[in-house]
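Here are a few remarks for a colleague who is meeting this structure for the first time.

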Amino acid sequence: KRFGQNFLRDSNVIDKIIAAIAPRPGQHIVEIGPGEGALSEALLASGAQLTTVEIDRDLVPHLLLRFGLADNFKVIQADALLHDFSQMRLGDEKFRVVGNLPYNISTPLLFHLLDSAADIADMHFMLQKEVVQRMAATPGSKHYGRLSIMVQYACRVDPLFEVPPGAFYPAPKVDSAVLRLTPWQQLPHPATDPSRLAHIVNAAFQQRRKTLRNALKGIISEEALTLLQIDSKMRPENLSLADYVAISNAIPGQITESHAPKFPK
């Protein structure tokens with residue numbers, strides 16, 4: 001309970017997740033928060049090389065007892081929020097990430113993983129349904145915000161299916177959903193300075209009910225927005241990712257550490 005863990009128990013949901021992941025022999029898969037090993041068993045059976053990252057030291061012996069004799073299994077007892085995922089590559093091939101993420105760390109963990117996006121082939125996560133909706137949201141919707149823009153900047157977002165509370169023990173009080181994140185090989189809207197982009201998006205959505213002219217006052221002028229063909233009277237949730245990248249690329253200089261984006265880390 002102290003780690004916010006809800007263990008997946010529904011075999012039909014497990015089969016559906018594994019089918020979506022489609023693991024293959026020889027692939028390196030990193031599973032975050034394996035818990036009791038519900039997904040781990042099927043991932044190992046595929047012939048993939050599985051490395052699990054589990055924070056709960058009480059669960060590690062259980063995992064070793066269950067899977068420790070398998071040549072393609074490894075467990076790391078560590079906090080995924082602090083773990084250096086850039087070191088997880090085995091050779092030249094990118095690794096894949098899967099996980100049933102605790103709701104209380106899902107957003108900061110996603111941003112931590114995006115720091116290693118260049119090393120990751122794809123990610124499949126079970127998350128709170130609302131978080132998935134926010135990540136996949138489009139401009140103008142109530143779920144659209146900082147998380148939508150920054151995740152979509154780095155990855156293609158594909159919501160896959162919803163999972164009811166009864167699939168877990170203990171049952172959470174919210175619905176869950178599974179999604180796939182695929183880091184772009186070539187960014188569709190590259191920013192000259194991603195930290196500046198993050199700063200601008202953060203500033204805009206701190207005051208999302210204000211017009212863009214007021215939300216970004218002191219960052220970019222109304223005249224500059226007009227030159228970019230962006231209506232300064234719009235609210236931040238009405239701008240696309242491409243609009244925010246255009247604003248970022250139009251502003252010279254770099255964001256200092258003191259002005260770094262206040263995303264959860």
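**Notes on salt bridges and helix packing**

1. In this predicted model, the side chains of aspartate 193 and arginine 196 form a salt bridge, with a distance of 3.8 Å from N to O. Aspartate 193 and arginine 196 are both buried.

2. The count of salt bridges in the model comes to eight, and another of them joins the side chains of arginine 96 and aspartate 122 at 2.9 Å, N to O. Because arginine 96 belongs to strand E5 (residues 95-100) and aspartate 122 to strand E6 (residues 120-128), this pair ties together parts that are 26 residues apart in sequence. Arginine 96 counts as buried, at 9% relative accessibility, and aspartate 122 counts as buried too, at 11%.

3. Glutamate 41 and arginine 66 also meet through their side chains in a salt bridge, at 2.8 Å from N to O. Glutamate 41 lies in helix H2 (residues 38-45) and arginine 66 in helix H3 (residues 60-67), so the pair links parts that are 25 residues apart in sequence. Here glutamate 41 is partly exposed, with a relative accessible area of 45%, and arginine 66 is partly exposed at 39% relative accessibility.

4. Turning to the helices, H6 (residues 146-154) packs with H7 (residues 194-206) at an angle of about 160°, their axes lying 10 Å apart, which means that H6 is roughly antiparallel to H7. The crossing of the two helices is right-handed.

5. In that contact, Arg146, Ile149, Met150 and Tyr153 of H6 meet residues of H7 including Pro194, Leu197 and Phe205. The residues of the contact of H6 with H7 comprise eight nonpolar, one polar and one charged.

Notes. Residues are numbered from 1 along each chain as its sequence is written. This is a predicted model: local features need pLDDT of at least 70, side-chain atom pairs count only at pLDDT 80 or more; totals for chains, interfaces and linings use all residues. Side-chain values use heavy atoms; hydrogens and water are left out. Axes are lines fitted to C-alpha atoms, for helices over the stretch in contact, and angles run from 0 to 180 degrees between N-to-C directions. Helices (H or I, at least four residues) and strands (E, at least two) are DSSP runs, numbered from the N terminus. Angles under 35 degrees count as roughly parallel, over 145 as roughly antiparallel, 65 to 115 as roughly perpendicular and the rest as oblique. A crossing is left-handed if the near helix is turned anticlockwise from the far one by less than a right angle, and right-handed if clockwise. Contact means heavy atoms within 4.5 Å. Ala, Val, Leu, Ile, Met, Phe, Trp, Tyr, Cys and Pro count as nonpolar, Asp, Glu, Lys and Arg as charged, and the others, Gly among them, as polar. A salt bridge is a side-chain nitrogen of Lys or Arg within 4 Å of a carboxyl oxygen of Asp or Glu. Buried means under 20% relative accessible area, exposed over 50%, partly exposed in between (1.4 Å probe, protein chains only).
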